[in-house]
Amino acid sequence: MEGSRALSLRDLPSVSAVLSAAAAPALLERFGRIASTDAVRAVLGDARRALRAGAPSVPSAQDVALLALARLDQEDRSGLRPLFNLTGTVLHTNLGRAALPEAAVEAAMAAMREPVALEFDLETGRRGERDDHVRALLCALTGAEDATVVNNNAAAVLISLNTLANGREAIVSRGELIEIGGAFRMPDIMARAGARLVEVGTTNRTHARDYRAALSTETGVILKVHTSNYRIQGFTAEVGGAELAQIAGEANAPLMNDLGSGTLIDLSRYGMQKEPTVREAVAEGAGVVTFSGDKLLGGPQAGFIVGRRALIAAINRNPMKRALRIDKIRLAAIEATLKLYRDPDRLAERLPTLRLLTRTQAEIEAQARRLQPEVAQAVGAAFAVTIGECRSQIGSGALPLDTIASAGLVIRSGAGGRALERLAAALRNLPRPVIGRIEDGALTLDMRCLTDEAAFVSTLSALDRDALA
């Protein structure tokens with residue numbers, strides 16, 4: 001036995017033999033000689049261990065070359081590869097939030113390929129400001145005197161507080177001391193910004209008199225935070241932006257309104273619950289308004305700061321601004337996205353986020369009916385695939401209590417939850433992963449965000465039904 005095992009080990013092909021096999025040119029062309037050689041050695045090492053453990057056959061040079069190619073293919077696969085978001089959450093934070101409009105994609109690609117006038121004034125031939133590419137657009141869309149942009153809304157809040165209230169007091173309602181994903185808490189950000197937190201009111205009720213009682217010569221800013229990711233209901237009271245702006249003026253301090261998700265349009269025109277718009281916050285008298293770019297706005301990740309000219313100028317002078325600025329690629333995509341808002345009549349057809357949010361249940365149900373046979377065939381007879389009503393959500397902390405009527409494919413198994421977990425894992429392992437949600441003893445594939453049916457069906461053809469047994 002030992003002698004035959006030693007003979008088998010000697011029968012393994014050499015590295016040079018593998019690199020001369022028929023599959024080797026494709027391996028070398030794609031990955032180069034160094035990576036290919038390392039992969040071949042790794043496969044040969046696996047083969048030696050398998051033979052010592054009693055494997056019955058010795059792989060050929062061609063087999064080793066193909067295994068090395070498969071190994072490098074797997075390593076080369078990006079963790080950021082596209083997937084199908086069938087979770088029912090349109091702006092899914094873990095899946096990248098907003099899909100960009102085509103205009104933004106094209107603008108970003110152009111900025112990647114060529115030099116652009118990022119901080120260069122083409123009229124004067126002198127240094128320019130990168131914010132100039134979006135400043136006028138933001139002012140026109142919000143009614144603000146001035147605007148600037150940083151890399152996300154957390155950064156917008158941080159730099160604004162650091163500019164307006166570093167070493168001074170920031171007054172905020174207890175009911176607005178939010179926590180968002182990743183344990184991001186408003187009190188922690190205020191502390192990092194150098195502001196001294198002054199809490200007023202109670203969790204559910206805060207009155208104008210509470211703010212006035214907290215005013216002092218140390219007041220740097222009054223902060224209003226839109227509780228976009230939760231709602232306090234019942235016996236509640238809060239002070240509106242216009243009244244807060246008046247109170248802030250009494251202390252000669254600005255009102256800062258953090259809208260969080262933020263929107264430039266009235267969502268109620270599309271059948272959703274109305275959210276406060278940036279223009280409304282500016283009109284109420286806020287000195288500074290902060291909001292996100294990659295949530296309801298439907299663009300790339302960014303944090304916008306709009307408001308009074310003197311305050312925006314002070315924020316731009318903050319040394320933190322350079323550390324928080326955005327690059328040419330995102331800036332190009334932001335500019336293209338904002339330009340779509342100049343034509344609100346066609347916004348829903350051009351902005352993917354709004355298009356997905358406004359799909360009707362009837363349209364989605366018809367799509368589910370078309371795909372039901374395809375999915376049933378792909379998963380096999382061990383699973384029952386039916387069409388069912390479900391509820392989508394906006395996600396990323398926007399309108400947390402609102403859901404949207406949707407439809408999807410509901411997959412159940414007589415073998416129970418473990419079979420569904422195996423199926424969910426197999427779907428995640430597809431070349432283009434499919435992500436659904438398991439709830440109420442079923443795997444639901446909400447069709448709201450499915451835009452490419454042909455690609456979805458093609459992806460399902462790679463599902464390994466044997467792995468589901």
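Student: Which element gives the largest share of the lining of the largest pocket?
Tutor: H16, with four residues. Helices are DSSP runs of H or I with at least four residues, strands are E runs of at least two, and both are numbered from the N terminus. This is a predicted model, where local features need pLDDT of at least 70, side-chain atom pairs count only at pLDDT 80 or more, and totals for chains, interfaces and linings use all residues. Residues are numbered from 1 along each chain as its sequence is written, and side-chain values use heavy atoms, without hydrogens and water.

Student: Which elements supply at least two residues each?
Tutor: Strand S1 (84-85) and helices H5 (102-113), H15 (347-350) and H16 (352-357).

Student: How much space is in that pocket?
Tutor: About 980 Å³. A pocket is an open set of points on a 1 Å grid over the protein atoms alone, with protein on both sides within 12 Å along at least five of seven lines; a cavity is a set where a 1.4 Å probe fits but cannot get out, and lining residues have an atom within 4 Å of a point. Points join across faces, edges and corners, and volume is the space filled by probe spheres set on them.

Student: Which residues lie nearest the pocket's centre?
Tutor: Pro82, Leu83, Leu95, Arg97 and Ala99, out of 32 lining residues.

Student: Where does the pocket lie relative to the domains?
Tutor: Between domain 2 (84-94 + 356-461) and domain 3 (102-350), because both give residues to its lining. The domain bounds come from an automatic or database assignment.

Student: Switching topic, how many cavities of 30 Å³ or more are there?
Tutor: One, in a search of the whole structure.

Student: What lines the largest cavity?
Tutor: Ile265, Leu267, Leu296, Tyr341, Leu351, Thr353, Leu354 and Leu357.
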